[in-house]
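Hi,

Here is the model I promised to pass on.

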Amino acid sequence: MTENNRPEYYGRILQVYAALVASVVLSFVPYGNVELVGFVLFFAAWIAAYVFRTRNKDEESLVNNHMTYIIRTVWIASLLLSLGFVFWLAWFYAAADHSAYQLMINQILQGAQVNEAEVEETLQGYIQANLLLLIMISTLTLGPGLFYFIYRMANGLSRAIKGYRIAKPKGWF
């Protein structure tokens, strides 16, 4: 596709994809402010997809096609991640070693005062005791939703760069 025959809003389609991909990358940066920027960017891109689809009245247009695909991707990935999180909670609660916190709870029930340093030390011990379990459960329960989102974004972005439509923008795959 040459520069002269690109459809109207072509750049905006790419910007929405880029914003969504960037927001997911930013959500994995372990700094609260950066994660907040990713969160805001994600919702701004999602709202932009709705706005662009609403403004474009032609249901067969490239913009409408890709914005529908993006919106469906976000909703389905959200569903998969929500279900994954429920399974994550149940699995982790059942399988984790809670003895570090149980010791602290018993001390508190016996009247001991705990300070912030002791709570932090207990938290670090809890994480160390359950680190492999955390990684395994997160990969198995949250991974499918994340991989689904990445697959759909990569597929949509590659088609948008070439100026192609998505065959079934309302489909699950």
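Leaving aside neighbours within four places in sequence, which residues is Tyr17 in contact with? The list is His66, Tyr69, Ile70, Met153, Gly156, Leu157 and Ala160. Keep in mind that this is a predicted model.

On confidence, the chain has an average pLDDT of 91, and 95% of the residues score at least 70. Helix H3 comes out highest, at a mean of 95, while helix H4 (residues 99-109) is lowest, at 89.

Now the core. Tyr17 is one of the residues with the most contacts inside the largest nonpolar core, alongside Ile13, Val16, Leu20, Met67, Ile70 and Phe149. That core has 25 residues. At least two residues of it come from each of helix H1 (10-27), helix H2 (32-55), helix H3 (62-95) and helix H5 (116-161). H3 gives the most, with nine residues. Another core lies apart from this one; it has six residues, among them Trp88, Phe92, Tyr126 and Leu133.

Next, the helices themselves, starting with H1. Its 18 residues reach 26 Å from the first C-alpha to the last, close to the 26 Å expected at 1.5 Å a residue. The buried residues here are Tyr10, Ile13, Val16, Tyr17, Ala19, Leu20, Ser23 and Val24. If you look at the spacing, recall that an α-helix has 3.6 residues a turn, so residues three or four places apart point the same way. What covers the buried residues of H1 includes H2, H3 and H5.

Phe43, with a relative accessible area of 31%, is partly exposed.

Trp46 and Trp75 make an edge-to-face pair too, 5.1 Å centre to centre and 65° between the planes. Because Trp46 sits in helix H2 and Trp75 in helix H3, this pair ties together parts that are 29 residues apart in sequence. Trp46 is buried, at 12% relative accessible area, whereas Trp75 is partly exposed, at 48%. Phe42, Phe43, Trp46 and Trp75 belong to one aromatic cluster that also includes Phe39, Tyr50 and Phe149. Phe149 turns up in the core list above as well.

Is Thr122 buried or exposed? With a relative accessible area of 14%, Thr122 is buried. Its side chain reaches the backbone oxygen of Glu118 at 2.9 Å. Not counting residues up to four places away in sequence, Thr122 touches Ala100, Tyr101 and Met104.

Cheers

Note on methods: Residues numbered from 1 in each chain as written. Predicted model: local features only at pLDDT ≥ 70, side-chain atom pairs only at ≥ 80, totals over all residues. Heavy atoms only, no water. Core = buried A, V, L, I, M, F, W, Y, C linked by side-chain atoms within 4.5 Å. Buried < 20%, exposed > 50% of the residue type's maximum accessible area, 1.4 Å probe, protein only. Helix = DSSP H or I, 4+ residues; strand = E, 2+ residues; numbered from the N terminus. Contact = heavy atoms within 4.5 Å. pLDDT = per-residue confidence, 0-100. Polar contact = N/O pair within 3.5 Å; in protein donor to acceptor, adjacent residues only side chain to side chain. Phe/Tyr/Trp six-rings, centres within 6.5 Å; stacked < 30°, edge-to-face > 60°. Expected span 1.5 Å × (residues − 1).
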